[in-house]
Amino acid sequence: MEILTHRVRIAAPGDGEAVGLLAAVALEHTDEATQGRARPGRDLLGHIETRGGIIRARHGHAICRVAADQQDKVIGMIHVAPPMSWIDEHPMALRPALGRTVVELGMLAVDPGHQGRGIGRSLLAVVEEDERARGTEVLFAKVAWTNWASLRWHRNQGFTVAAPDEALLLYTSEGETSLVDLKDGHALLYKPMQSGIRILRTRLPGDVAFLYLSSLPAHSGHRRLINAGSPAPN
Ligand SMILES: CC(C)(COP(=O)(O)OP(=O)(O)OC[C@H]1O[C@@H](n2cnc3c(N)ncnc32)[C@H](O)[C@@H]1OP(=O)(O)O)[C@@H](O)C(=O)NCCC(=O)NCCS
């Protein structure tokens, strides 16, 4: 029988400081310049500290969850949000569909004294269950290329690691768009959230490789169409 050592819950008021400390663990391998942009702002930590981990965000929801030990001490955290700046680059008509389709795993960290005991896996499992229910199609994460342990961990958890310069193409009823390598020292990783959807790799003429979502067998060449006009889930 597995002994319950921790539970995952939405961050509660008062968890802001613990989440801030874990954010530093998550950004350990990120260079200073990028850390500045990625570090959770005082407004995010302040929101968690006073109001908890459900945060209204442009184009969807942002949620910070924590893993707490039996004394309710925070020992891990995971934060998801829509990739807001990327969505902002698109025409208005397309933004709601992109917000429902793609969710970014912004921060994931387990306290160094508690790593390797299944806490990261259970934080991710709770996020995945929730995102599946919301209809999210793909979860994406950015991990520093120098963070080998984390890249390996994500691959073991079912993420596809895009090669440098390899985009994820998304086909929508409003046209084609892509998530691209920002050349900031981070790998982009993707995991499909719905059963039957896979991430496939192909090459364009000129030997340019890219990834795409497919809901049909690999050999069919079918590319999944995101419907920009579909209604938002309740
Ligand atoms: C990456 C991280 C979140 C993983 O959390 P964790 O609680 O240590 O990992 P878990 O114990 O849940 O790992 C689950 C599985 O991965 C395996 N695993 C653990 N560490 C691993 C590693 N470095 N490489 C590959 N597999 C690993 C475990 O053996 C376990 O395997 P199983 O499913 O076969 O039993 C955690 O190590 C961490 O906080 N690292 C520093 C911060 C960071 O790099 N964050 C991500 C970038 S933002």
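**Close-up views of the predicted model**

**Figure 1.** Strands β11 and β12 (residues 208–214) run antiparallel and are joined by seven bridges. The view, like those that follow, is taken from a predicted model. Three residues separate the two strands, which form a hairpin. In the turn of this hairpin, G206 has a positive phi of about 95°. Across the pair, L200 is placed opposite Y212 of β12.

**Figure 2.** T202 belongs to strand β11, which spans residues 198–204. Apart from residues up to four places away in sequence, T202 touches F210 and Y212. The C-alpha atoms of T202 and Y212 are 8.0 Å apart in space, while the two residues are ten apart in sequence. T202 has 14 other C-beta atoms within 10 Å and is therefore partly exposed, because a residue counts as exposed at 12 or fewer such neighbours and as buried at 20 or more.

**Figure 3.** The shell around the ligand consists of 20 residues, of which Q115, G120, R121, A149 and S150 are the closest. Ten residues of this shell are nonpolar, seven are polar and three are charged. At least two residues of the shell come from each of α1 (16–26), β5 (102–110), α6 (119–134) and α7 (148–156). The greatest contribution is that of α7, with five residues.

**Figure 4.** Helix α6 comprises 16 residues and extends 23 Å from its first C-alpha to its last, close to the 22 Å expected at 1.5 Å a residue. Its buried residues are I119, G120, L123, L124, V127 and E131. These residues lie on the same side of α6, because they cover an arc of only 130° around the axis. An α-helix has 3.6 residues a turn, so residues three or four places apart point the same way. The other side of α6 carries the exposed residues R121, E129 and A133. Both G120, which is buried, and R121, which is exposed, are among the residues closest to the ligand.

**Figure 5.** The buried residues of α6 pack against strands β1 (6–10), β3 (60–69), β4 (74–81), β5 and β6 (138–144), and against helix α7. Just after α6, G135 adopts a positive phi of about 95°.

**Figure 6.** D165 has a phi near 75°, a positive value in a residue other than glycine. The residue is located in the loop between β7 (160–161) and β8 (167–172). D165 counts as exposed because it has 11 C-beta neighbours inside 10 Å, and the limit for an exposed residue is 12 or fewer.

**Figure 7.** K183, a residue other than glycine, likewise takes a positive phi, near 55°. Its position is in the loop between β9 (175–179) and β10 (186–192). With 8 other C-beta atoms within 10 Å, K183 is exposed.

**Figure 8.** Of its 234 residues, 35% are buried. Among contacts between residues at least 6 apart in sequence, 68% join residues at least 24 apart.

Notes: Residues numbered from 1 in each chain as written. Predicted model: local features only at pLDDT ≥ 70, side-chain atom pairs only at ≥ 80, totals over all residues. Contact = placed C-beta atoms within 7 Å. Helix = DSSP H or I, 4+ residues; strand = E, 2+ residues; numbered from the N terminus. Near = placed C-beta within 6 Å. Nonpolar A, V, L, I, M, F, W, Y, C, P; charged D, E, K, R; others polar. Expected span 1.5 Å × (residues − 1). Arc of directions from axis to C-beta. Pairing = 2+ DSSP bridges.
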